[in-house]
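Here is a short briefing to read with the model open beside you. Take the topics in any order you like.

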Amino acid sequence: MRIPAHSVCTAIRDDIVAGVYERGGRLTEELLARRYGVSRVPVREALRTLEAEGFVVTRRHAGACVAEPTEQEAADLLEIRMLLEPLGAARAAQRRTEAHLKVLRGLVRLGQERSRRGQSEDLRSLGGWFHETLAQASGSPGLIALLTQLRHKIAWMYAVETPAQPAESWAEHGAIVDAVARGDATRARTLTALHTERATAAHRLRVPRAGDRVRTSQPPVNTAGLRH
């Protein structure tokens with residue numbers, strides 16, 4: 001069965017975000033095809049998509065390479081997110097379904113429970129699922145795609161410190177869900193803007209050290225996106 005290019009794209013993107021490929025490093029079709037167990041055709045398509053997303057650049061005489069974003073480009077991403085996430089929450093207040101609300105409320109309960117028990121290891125992934133679900137609830141495919149791409153790129157460029165008071169962060173999540181459930185787009189937008197601004201302060205730019213080479217010995221292949 002032919003593995004679709006979007007699955008190969010997901011696998012390569014995840015490995016770029018995880019640091020498997022160094023910034024500025026070459027991405028050859030032959031090696032990628034061998035690594036992911038596919039032909040060169042889906043790899044070529046995946047690289048085109050990743051270039052459009054800003055993870056890959058094509059250089060003369062070198063071909064496809066992992067992008068090397070500047071500090072200003074990284075800072076712009078956080079500013080863009082502060083504009084788009086509140087918009088997504090406002091749209092969610094207008095378009096959410098009961099299924100969206102059920103998932104959002106469940107995530108808030110889990111987040112609050114983990115916070116009380118001091119189980120911080122799960123909070124980051126729960127927070128990611130919360131914001132992904134909130135974006136999905138916006139009912140806007142274009143906005144969902146932009147927010148998803150932003151989350152990937154921010155995870156690639158930034159390390160995030162664990163909140164000193166995670167319970168407060170989850171209380172903010174709960175208030176956002178309450179506003180979304182009531183259909184109060186203005187309040188959902190305002191609360192999400194405040195929450196995103198506070199969360200941004202916990203981001204620390206990942207600055208590759210000079211001569212720092214990311215794993216070159218065959219690391220485990222990320223095959224999560226290759227399932228079909």
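Which helices each supply at least two residues of the lining of the largest cavity? They are helix 4 (71-95) and helix 6 (123-136). Please keep in mind that this is a predicted model, in which local features need pLDDT of at least 70 and side-chain atom pairs count only at pLDDT 80 or more, while totals for chains, interfaces and linings use all residues. Residues are numbered from 1 along each chain as its sequence is written, and side-chain values use heavy atoms, with hydrogens and water left out. Helices (H or I, at least four residues) and strands (E, at least two) are DSSP runs, numbered from the N terminus.

**The cavity**

- A cavity here is a set of points, on a 1 Å grid over the protein atoms alone, where a 1.4 Å probe fits but cannot get out; lining residues have an atom within 4 Å of a point.
- The count comes to 1 cavity of 30 Å³ or more.
- The largest cavity has a volume of about 50 Å³, where a volume is the space filled by probe spheres set on the points, and grid points are joined across faces, edges and corners.
- Its lining is made up of E85, G88, A89, H131, L134, A135 and L147.
- Sorted by class, that lining of the largest cavity holds 4 nonpolar, 2 polar and 1 charged residues. Ala, Val, Leu, Ile, Met, Phe, Trp, Tyr, Cys and Pro count as nonpolar, Asp, Glu, Lys and Arg as charged, and the others, Gly among them, as polar.

**The pocket**

- A pocket, by contrast with a cavity, is an open set of points with protein on both sides within 12 Å along at least five of seven lines.
- The largest pocket has a volume of about 1200 Å³.
- Lining the largest pocket are 38 residues, and R124, G127, G128, H131 and V160 lie nearest its centre.
- Two or more residues of the lining of the largest pocket come from each of helix 1 (5-18), helix 4, helix 6, helix 7, strand 3 (158-160), helix 8 and helix 9.
- Helix 6 gives the most to this lining, with 8 residues.
- The lining of the largest pocket has 13 nonpolar, 14 polar and 11 charged residues.

- Helix 6 has 14 residues and reaches 20 Å from its first C-alpha to its last, close to the 20 Å expected at 1.5 Å a residue; the expected span is 1.5 Å times one less than the number of residues.
- L123, L126, G127, F130, H131, T133, L134 and A135 are the buried residues of helix 6, buried being under 20% relative accessible area, exposed over 50% and partly exposed in between (1.4 Å probe, protein chains only).
- Their cover includes helix 4, helix 5, helix 7 (141-157), helix 8 and helix 9.
- Helix 8 (residues 166-182) has 17 residues and reaches 25 Å between its first and last C-alpha, close to the 24 Å expected at 1.5 Å a residue.
- The buried residues of helix 8 are P166, S169, W170, H173, G174, I176, V177, A179, V180 and A181, and what covers them includes helix 4, helix 5 (98-117), helix 6 and helix 9 (185-200).

**The hairpin**

- Strand 1 (residues 56-59) and strand 2 (residues 63-66) pair in the antiparallel sense over 4 bridges; two strands pair if DSSP finds at least two bridges between them.
- V56 has V66 in strand 2 as its bridge partner.
- The two strands form a hairpin with 3 residues between them.
- H61 sits in the loop between strand 1 and strand 2 and has a positive phi of about 70° although it is not a glycine.
- Most residues other than glycine have a negative phi.
- H61 is exposed, with a relative accessible area of 77%.

- I16, in helix 1, is buried with a relative accessible area of 0%.
- Not counting residues up to four places away in sequence, I16 touches Y21, F55, V56, V66 and W156, contact meaning heavy atoms within 4.5 Å.
- I16 and W156 are 140 residues apart along the chain, and their C-alpha atoms are separated by 7.4 Å.
- S115 lies in helix 5 and is buried, with a relative accessible area of 12%.
- Residues up to four places away in sequence aside, S115 touches L123, P166, A167 and W170.
- T200, in helix 9, is buried with a relative accessible area of 14%.
- Leaving aside neighbours within four places in sequence, T200 is in contact with L78, R81 and M82.
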